[in-house]
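Here is a short report on a protein model. Look at the structure first, then read on.

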Amino acid sequence: MDKELFQKFVAFTTAVHQITSDISKDIKAEALTPLQYKILEYIAVSQPVTLSEISDCMHMSMPNTSRELKKLSEKQLCDKITDPADRRKQGITLSPAGEAMMNEAFQHIAIRFTERIGDLTEEQRKEIERALDLLQEKVFY
């Protein structure tokens, strides 16, 4: 194993978590817990998702995940859809109200991100975009 590369990877992922926390701070609606916001964020970028996918991603038990989804559903922020090919399978998507909430949150995050990269040249932005594409393709697939 390439120890130096691994150490850079760990430092990078730690920095990603910190920056994500910084740019999304105070974004969530007051009616949501931080966990509920994270679940909605995951659904927004990955929908439709299954209960087990949310459970795995959030490191939660299935019963706890189900309970949180029920609360989000009661707030009319997510919907369950049945797979027409296999009626036993259900996908979870954002409701129109959930879509609106997350679009607003992402708009605020985009403003903070734009401020963060405001001093970069066009070439630097393209270089970062290429690096992100490479990471997505080779590491975070």
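How do the residues of the lining of the second largest pocket divide into nonpolar, polar and charged?

## Basis

This is a predicted model, where local features need pLDDT of at least 70, side-chain atom pairs count only at pLDDT 80 or more, and totals for chains, interfaces and linings use all residues. Residues are numbered from 1 along each chain as its sequence is written, and side-chain values use heavy atoms, without hydrogens and water.

## Second largest pocket

The lining divides into 8 nonpolar, 4 polar and 2 charged residues. (Ala, Val, Leu, Ile, Met, Phe, Trp, Tyr, Cys and Pro count as nonpolar, Asp, Glu, Lys and Arg as charged, the others, Gly among them, as polar.) Of these 14 lining residues, His17, Thr20, Lys38, Glu41 and Tyr42 are closest to the pocket's centre. Helix 1 gives the largest share, 5 residues.

A pocket is an open set of points on a 1 Å grid over the protein atoms alone, where a 1.4 Å probe fits, with protein on both sides within 12 Å along at least five of seven lines; lining residues have an atom within 4 Å of a point. Helices are DSSP runs (H or I, at least four residues), numbered from the N terminus.

## Largest pocket

The largest pocket is lined by 17 residues. Phe12, Val16, Phe113, Leu132 and Leu135 lie nearest its centre. Helix 1 (3–24), helix 5 (96–116) and helix 6 (122–138) each give two or more residues to the lining. Helix 1 provides the largest share, 8 residues. The lining holds 12 nonpolar, 4 polar and 1 charged.
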